[in-house]
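Visitor: I am new to this structure. Could you show me how to read the places where chains meet?

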Number of protein chains: 4
Amino acid sequence: MAHTIREKAKLLARVRRLKGQMEAVERALEAEAPCGEVLQLLASIRGALSGLTGEVMEDHLREHVLHADDEKQRAQAVDELADALRTYIR
Amino acid sequence: MAHTIREKAKLLARVRRLKGQMEAVERALEAEAPCGEVLQLLASIRGALSGLTGEVMEDHLREHVLHADDEKQRAQAVDELADALRTYIR
Amino acid sequence: MAHTIREKAKLLARVRRLKGQMEAVERALEAEAPCGEVLQLLASIRGALSGLTGEVMEDHLREHVLHADDEKQRAQAVDELADALRTYIR
Amino acid sequence: MAHTIREKAKLLARVRRLKGQMEAVERALEAEAPCGEVLQLLASIRGALSGLTGEVMEDHLREHVLHADDEKQRAQAVDELADALRTYIR
């Protein structure tokens, strides 16, 4: 990554929130909460995970593609993003 | 939930694996790993999360819809699943 | 399907709207419209397609699972929906 | 877009195939085909639509971001892609 300190802190905060949400699912399953409740927790995790993924992609696009040090690094950053898009969008 | 012990154990194992995968993202961000690596970790979490969601939905469909105790409970379980589908599929 | 006439008409109207949206993408590509515009058209098709899929699943759940003629047909309708969920949610 | 002729032809071929797939759904609904069949057709359309979207994004990334005429156009192309990602990934 090697993004700005501020971005790194924001991404880490999102990841920690996601871990907390996963623990809520664990507790719900252990307590045998209704399926509908478990499914809602899972849907909110999915939303948060997509938000995080979109943010990492956009940071990458701005830091490593737009503000690349040189054309070679830009081409490499484009390849990395294209790979990620191919995995994600299908 | 109140599913069989076996199913509960399987679902909990999946949730714990997901927590471990989230911790791997946390470590990758802290170590400033390449974006491409972080995006691959996030893509595998997304796959695992979808697998878990699909399994909870299918368990619900079999336990609470197909094998409902009576018609009232079946109708309620159908409503819960329809809600989850509406949230998920959009 | 064999759903009510009203549901069939609603689903067909959605499919025809989707065909129209696909033709708008075709025209945009032929006219060499900006990528951003093409991507927005594709995003709205994706939303409409998900809406249609969710509606077919919910109709199936209500007509063929909840209001099944007998337990054998109900079990079969559950299997069909479980297959569809496995394809969709991954 | 203003991409190469070859790319334009490829994208148009994909869009026309998608229109054909949508017509197959229309026929299936009219013929009251089983829900499972309709859902499979819809799942294959979703896959084809995602493939097309990913291809438009990747073409845009290579043509308008990587091979931009100048830095101003590159920044604009990055904003367009970031918008599309935000719509798509959520």
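Guide: Gladly. Keep in mind that this is a predicted model. Start with one pair of side chains: E58(A) and R86(D) meet in a salt bridge, 2.9 Å from N to O.

Visitor: How many salt bridges does the rule find across the interface of chain D and chain A?

Guide: There are 6 salt bridges across that interface. Polar contacts are counted separately: 4 residue pairs between chain D and chain A, both residues at pLDDT 80 or more.

Visitor: Which helices of chain D supply at least two residues each to the side that touches chain A?

Guide: Helix 2 (35-66) and helix 3 (71-88) of chain D do. Helix 3 of chain D gives the largest share, 10 residues. Sorted by class, this side of chain D holds 11 nonpolar, 3 polar and 7 charged residues.

Visitor: How is the size of an interface expressed?

Guide: Often as the accessible area lost when the parts come together. Between chain D and chain A, about 1,900 Å² is buried, and carbon and sulfur atoms give 70% of it. Three residues stand out: L61(D), L66(D) and I89(D) supply 29% of the area that chain D buries against chain A, more than any other three residues. The contact takes 21 residues from chain D and 21 residues from chain A.

Visitor: Now chain A and chain B. What area is buried between them?

Guide: About 3,700 Å², with carbon and sulfur atoms giving 73%. Here 38 residues come from chain A and 38 residues from chain B. The rule finds 8 salt bridges across this interface. One links R16(B) with E30(A), the closest N and O atoms lying 2.7 Å apart.

Visitor: Which elements of chain A give two or more residues to the side that touches chain B?

Guide: Helix 1 (5-30), helix 2 (35-66) and helix 3 (71-88) of chain A. Helix 2 of chain A gives the largest share, 15 residues. By class, this side has 23 nonpolar, 6 polar and 9 charged residues.

Visitor: What rotation superposes chain A on chain B?

Guide: A rotation of 180°, with 0.0 Å of shift along its axis and an RMSD of 0.0 Å. K19(A) comes closest to that axis of the residues of chain A, at 3.1 Å by C-alpha.

Methods:
Residues numbered from 1 in each chain as written. Chains lettered and ligands numbered in written order. Heavy atoms only, no water. Contact = heavy atoms within 4.5 Å. Buried area = accessible area lost by both parts, 1.4 Å probe. Salt bridge = Lys/Arg side-chain N within 4 Å of Asp/Glu carboxyl O. Helix = DSSP H or I, 4+ residues; strand = E, 2+ residues; numbered from the N terminus. Nonpolar A, V, L, I, M, F, W, Y, C, P; charged D, E, K, R; others polar. Least-squares fit on C-alpha atoms with pLDDT ≥ 70 in both. Polar contact = N/O pair within 3.5 Å; in protein donor to acceptor, adjacent residues only side chain to side chain.
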